[in-house]
Amino acid sequence: MSQFRFTRSVSLQNKWLFVLVVLPLYVYCSSLIGSAIIQFMILELGISMTYTAANAYLNLMVDGAMLIIVFLMMKDSMIEQIKEFFSHISEHILEALVLGPVLIYGANIVGSLLVLAFGGVSDSENQILVESLLDSFPVIMSFCTVVLAPILEEMIFRGIVFTWIYEYNPKLAHIISACLFGFVHVMSSVLSGNISEMIQIFPYIFTGLVLSYLYEKHNNICVPIGAHAMNNLISIVLNFLY
């Protein structure tokens, strides 16, 4: 039995929408459709664009579109939780912006040590790509990384996946949501044939466990969103400084 009073739930309608619309779009169709649009802009409209630029705009377009879709789907719950967060901000703000990022940092250290123990390298291909895009398009990628991605990922992996499974088994909810969260961050590399990149899943899994813990403890999605966003912001600042 959980020590926290977690009361969130996912409606039957949203469960079906997630399975039939959100999951296929997020995992596969969004990048495919986005790539097709980028190719159309380059080939048919004659817009000159490098591969790096196309990747940056694809991230912005896909994350933005998916965020709108998922937010509309979860609108009532999100508005309720946003209002609750600000009405009880003193109960949430410390872990959202300070303790949460510290826990994520520790989780990343543990995950990275596991990666190295199994013979992996220190940085995942996903991390290297994000840092490369940040160097070339700092404004666009900072917005994607600090604003769009944390909100979208928390709504999907904590707001839907974790909450849905929690109805049946709280412990499994933490494990499965964290593993799915980890997999999507290495998915492109793994599915393109670089199976060894799967080892990089560990830091993301441990981060996912911290974020689901924050969500369960506070019963409010804004807390893991804040911690996720702050962690990404700190990473970006350090990337620019060093």
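A: Buried here means under 20% relative accessible area, exposed means over 50%, and partly exposed is in between (1.4 Å probe, protein chains only). This is a predicted model, so local features need pLDDT of at least 70 and side-chain atom pairs count only at pLDDT 80 or more, while totals for chains, interfaces and linings use all residues. Residues are numbered from 1 along each chain as its sequence is written, and side-chain values use heavy atoms, with hydrogens and water left out.

Let's start with Gly120, in the loop between helix H4 (89-117) and helix H5 (125-136); helices are DSSP runs of H or I with at least four residues, strands are E runs of at least two, and both are numbered from the N terminus. With a relative accessible area of 17%, Gly120 is buried. Leaving aside neighbours within four places in sequence, Gly120 touches Val115 and Ile199 (contact: heavy atoms within 4.5 Å). Ser196 sits 76 residues away from Gly120 in sequence, yet their C-alpha atoms are 8.0 Å apart.

Now the rings: the structure holds twelve aromatic pairs (Phe, Tyr and Trp rings, the six-membered one for Trp, with centres within 6.5 Å; planes under 30 degrees apart are stacked, over 60 edge-to-face, the rest tilted). One of them is Phe6 with Phe162, edge-to-face at 5.5 Å centre to centre and 80° between the planes. That pair links distant parts of the chain, as Phe6 is in the segment before helix H1 (12-43) and Phe162 is in helix H6 (residues 138-166), 156 residues apart. Phe6 is buried at 11%, and Phe162 is buried at 0%. Phe6, Phe162, Tyr166 and Tyr215 form one aromatic cluster.
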